[in-house]
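Please open the structure in your viewer and keep the sequence beside it. The tour below goes from one selection to the next and says what to look for at each stop.

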Amino acid sequence: MTDHHGISVVRWPGPAPLPEDGPARLLTAYHLQTQAEKGEVVAGVDELPERYRAEVLDPRAAFVDDVVLLALSGDAVVGCLVLTAPVDGRAELKRLWTDPDHRGLGVASGLVSAALAHAERGGVGVVRLSVWKWRAGAIALYERLGFTVSASWDEREQLVCMERVM
C-alpha cells in the first residue's frame, strides 16, 4: 500500500529485502522516548527494562507470533506498528512509532489502517490498544480511526485503554 506522500506499508519480515535494523532502530526510539515521558530517563538500550530491551535486541523473537508493519519512504524505514496475535477474538495494537522527520505525512494513520485491515481479514472482532494519556495527538488519531475509550485492562496509572469493534 502506498499513499500520496510516497509512504508504503509492508509486513516485516517479508519477501522484499528491508534494512534489518529498521524495526530495532524505531523500537529503540519509541522506548527511550516513552521512558523519558514517564520521567524515567535512560541513556540507552542497556538501561531499558528487560521486556523492552528484548524487543529492541531481537524483534523477530519478541514478536514471533505477531504482525509487524513497517512504513517505508523509499528504502528508509520511517514507522512501525505491532498487531498482536488474536486471543479470544481480540488483537492489540502496540509500539506505534513514526520517525519525527516523517510526522504529519499520514505514516501513523497508514500503519493503523493497514493493521485494522489485516485484523479484519483475519476475523478479529475487537482491536484494542493502550496509550499514555499525555499523548493527545495519538489519542486523537485513534478516535478519528474509530477507537473509543474503554474500561482499563491495565493497572498502570495514566494509561488510556481504547477499543474498536471491527
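Which residues are buried in helix 1? They are Gly22, Pro23, Ala24, Leu26, Leu27, Thr28, Tyr30, His31, Thr34 and Gln35. Keep in mind throughout that this is a predicted model.

**Stop 1: helix 1**

Select residues 22–37, the range of helix 1.

Thr28 has a relative accessible area of 16%, and because buried means under 20%, Thr28 counts as buried. Its side chain reaches the backbone oxygen of Ala24 at a distance of 2.8 Å. Ala24 is itself on the list of buried residues in helix 1. Show the contacts of Thr28 as well: leaving aside residues up to four places away in sequence, Thr28 touches Val45 and Val56.

Step just past the end of helix 1 and select Gly39, where phi is positive, about 80 degrees.

**Stop 2: the largest pocket**

The largest pocket has a volume of about 840 Å³. It is lined by 39 residues, and those closest to its centre are Tyr30, Leu96, Arg135, Ala138 and Tyr142. Select these five and centre the view on them. Two or more lining residues come from each of helix 1, helix 2 (50–57), strand 4 (90–98), helix 4 (107–121), strand 5 (126–132) and helix 5 (136–144).

Which element gives the largest share of the lining? Strand 4 does, with seven residues. Colour the lining by residue class to find 16 nonpolar, eleven polar and twelve charged residues.

**Stop 3: Arg95 in strand 4**

Stay on strand 4 and select Arg95. Its phi is positive, near 60 degrees, in a residue other than glycine. Most residues other than glycine have a negative phi. Is Arg95 buried or exposed? Its relative accessibility is 11%, so Arg95 counts as buried.

**Stop 4: helix 4**

Move on to residues 107–121, helix 4. Helix 4 has 15 residues and reaches 21 Å from its first C-alpha to its last, close to the 21 Å expected at 1.5 Å a residue. Its buried residues are Val107, Ala108, Gly110, Leu111, Val112, Ala114, Ala115, Leu116 and Ala119. After helix 4 comes Gly123, with a positive phi near 80 degrees.

**Stop 5: the loop between strands 6 and 7**

Finish in the loop between strand 6 (148–149) and strand 7 (159–165), where Ser150 is placed. The relative accessible area of Ser150 is 19%, and since the limit for buried is under 20%, Ser150 counts as buried. Not counting residues up to four places away in sequence, Ser150 touches Cys161, Met162 and Glu163.

Gln158 is in the loop between strand 6 and strand 7 too. Although Gln158 is not a glycine, its phi is positive, about 70 degrees. How accessible is Gln158, and what is its relative accessible area? Gln158 is partly exposed, at 40%.

Definitions and conventions:
Residues numbered from 1 in each chain as written. Heavy atoms only, no water. Helix = DSSP H or I, 4+ residues; strand = E, 2+ residues; numbered from the N terminus. Buried < 20%, exposed > 50% of the residue type's maximum accessible area, 1.4 Å probe, protein only. Polar contact = N/O pair within 3.5 Å; in protein donor to acceptor, adjacent residues only side chain to side chain. Contact = heavy atoms within 4.5 Å. 1 Å grid on protein atoms, 1.4 Å probe; cavity = no way out; pocket = protein on both sides within 12 Å on 5 of 7 lines; lining within 4 Å. Points joined across faces, edges and corners; volume = space filled by probe spheres on them. Nonpolar A, V, L, I, M, F, W, Y, C, P; charged D, E, K, R; others polar. Expected span 1.5 Å × (residues − 1).
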